[in-house]
Amino acid sequence: MAEKIKKAFSVIDRFVQSDYYICLMAILTFLGWVYKIWVPMLCVMLALAVLPLFISKNTKHLLSFLMLFTCIISDNRHELQDFKYLLIPFVLLLVVGFIFSLVYFKRDWSVLGIKKIKGFHFALILLIIPFALGGLGSPYENGLAVFLAFLLVAVIAFSYTFFVVTNAKEKSDLMDYMIKVLFVLGVVASFELITLFATSCNSIEELTNFILDKHSFKLGWAGANNVAPVISMAIPATFALCIKKNKATPIFVAIIALEYILILSTGCRGSILFSILALPIMLLYVTIKTENKMAFCTSICVLFVVGIVLLGKYGRYISSILVSLLDRGFDSSARVEWLYPQAIQTFKTWPIFGAGWDYRLGERVEGGPNDGYTPYWYHSTFFQVLANMGICGIIFFVIFYVWRYRLVLSLLNKPYALALTFSIALFDAYGMIDTNFFGPTFFIMLACISFTIEHAVPEKQCTAFVARPFKTLFAWLEKYRKTVEPMD
């Protein structure tokens, strides 16, 4: 009997760690979203993510859940309050699963040692400091909001540490796994957007008008300026899948084209700009590196021809959408004229630790009321840090960004590392002119991507205390230890 149970657990584990599991999570995500049963379906996904923690030491499957669960939130997201008592047990089960996995299975805790801990991991932990000190010295408007912001970053840092410890002996390439998850994420977000179009419009004229009205994009978890960066983030992963020998390259190229069309349809100028700027770089790199040169180049040429045909047939509608974008140009939507000066003025008032995350809590930029615990958004990662966390925040976020992009320098010969870094860069670039970076679920996504890159970095590279002063200190401590040790 014990042997049969062990064999069953082994079969379950192989499925959970396979690509089929990623597909299952994607299907559940889409079904939960489209049928507006996202809370019960989220509980199902949580169960499928947590239960394997009690039978297997592997944890990489959690990455697919963390990357996809955001997209399950339908436009009835306000109903979450009605289901909070259903979700709480599953969240508690997740915590118990984390603890059980750490305690029951033998883990390599040495990776947290001062000589081994990686730079990005340490930088993420350090972010707890500016979030904890943010607003120190300014009047507290809502202490609970300040605590929740600190708690969220602390939980993310702990969860990152959990992944580092539980995957310390994982030999498989987690970047390969993340590339597949990102590809699926892009497909799910694209399908949701297409479903929104299909259910809201009955003709090409209605679709054109729908696209011209950015406020029509109500997916629940995202508006036009949220879904576009997520799809943009998935594009480098899809390009990366074209590199290895496969027969699906034409399908991947078609999906890339579809995702660019969908990004254009959102009217999200930042994502459109950065995605288009990145396109020639990605095309050139994949053309040089791909093992499917004929299939890749032929697919690009076919798409070019198809594009010309569609432009000829639907040119009137396409031109109206493009003209609308061009008319708006690079207008900052009051960012430069209003929001950024506000952030600077707030910084001048509280320069060291900023105004804190409770400052003007619940206010909309437009002046109307917002959700009770929504921060006042300055629509820029830089200015948000400057206003809410001051010089303290800027220092720790500079460290954070340096280490995030330092990782890829050790993996320049790995296409997947470059693709994932491109994904992060596209999202980060857009975050500099909008609010997305500090959205908790998006922050989690980016942390997961960075983790898979950091996991691939050789053991003695990119360690947090790699600078010469630290090496000198460690050498002195080791010499001192040997000096004071008693002779045998």
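Trainee: How far apart are the mean positions of the positive and negative charges of the protein?

Mentor: First, the counting. Lys and Arg count as positive, Asp and Glu as negative; His and the chain ends are not counted. The place of a charge is NZ of Lys, CZ of Arg, CG of Asp or CD of Glu. Here there are 41 positive and 31 negative charges, and their mean positions are 10 Å apart.

Trainee: What kind of model is this?

Mentor: The model is predicted: local features need pLDDT of at least 70, side-chain atom pairs count only at pLDDT 80 or more, and totals for chains, interfaces and linings use all residues. Residues are numbered from 1 along each chain as its sequence is written, and side-chain values use heavy atoms, with hydrogens and water left out.

Trainee: How many helices and strands does the secondary structure come to?

Mentor: Both are DSSP runs, numbered from the N terminus: helices are H or I with at least four residues, strands E with at least two. This protein has 19 helices and zero strands. Its radius of gyration, taken over C-alpha atoms, is 24 Å.

Trainee: What share of the residues is buried?

Mentor: Buried means under 20% relative accessible area, exposed over 50%, partly exposed in between (1.4 Å probe, protein chains only). Buried residues make up 49% of the 488.

Trainee: Why is helix α6 largely enclosed by the rest of the structure?

Mentor: Helix α6 covers residues 119–126, and six of its eight residues are buried, so the rest of the structure largely encloses it. Among the buried ones are Phe120, His121 and Leu124. The buried residues of α6 pack against α7 (128–133), α8 (143–166), α16 (381–406) and α18 (440–456).

Trainee: Which residues does glycine 270 touch?

Mentor: Contact means heavy atoms within 4.5 Å. Leaving out residues up to four places away in sequence, glycine 270 touches Tyr430 and Ile433. Glycine 270 lies in helix α13 (residues 269–289). At 8% relative accessibility, this glycine is buried.

Trainee: How many disulfides are there?

Mentor: A disulfide is a covalent bond between the sulfur atoms of two cysteines. The test is a pair of cysteine sulfur atoms within 2.5 Å. The count is zero. For cysteine 242, the nearest cysteine sulfur, that of cysteine 297, is 11 Å away. Cysteine 242 is buried at 0% relative accessible area.

Notes
Rg over C-alpha atoms; globule rule 2.2 N^0.38 Å.
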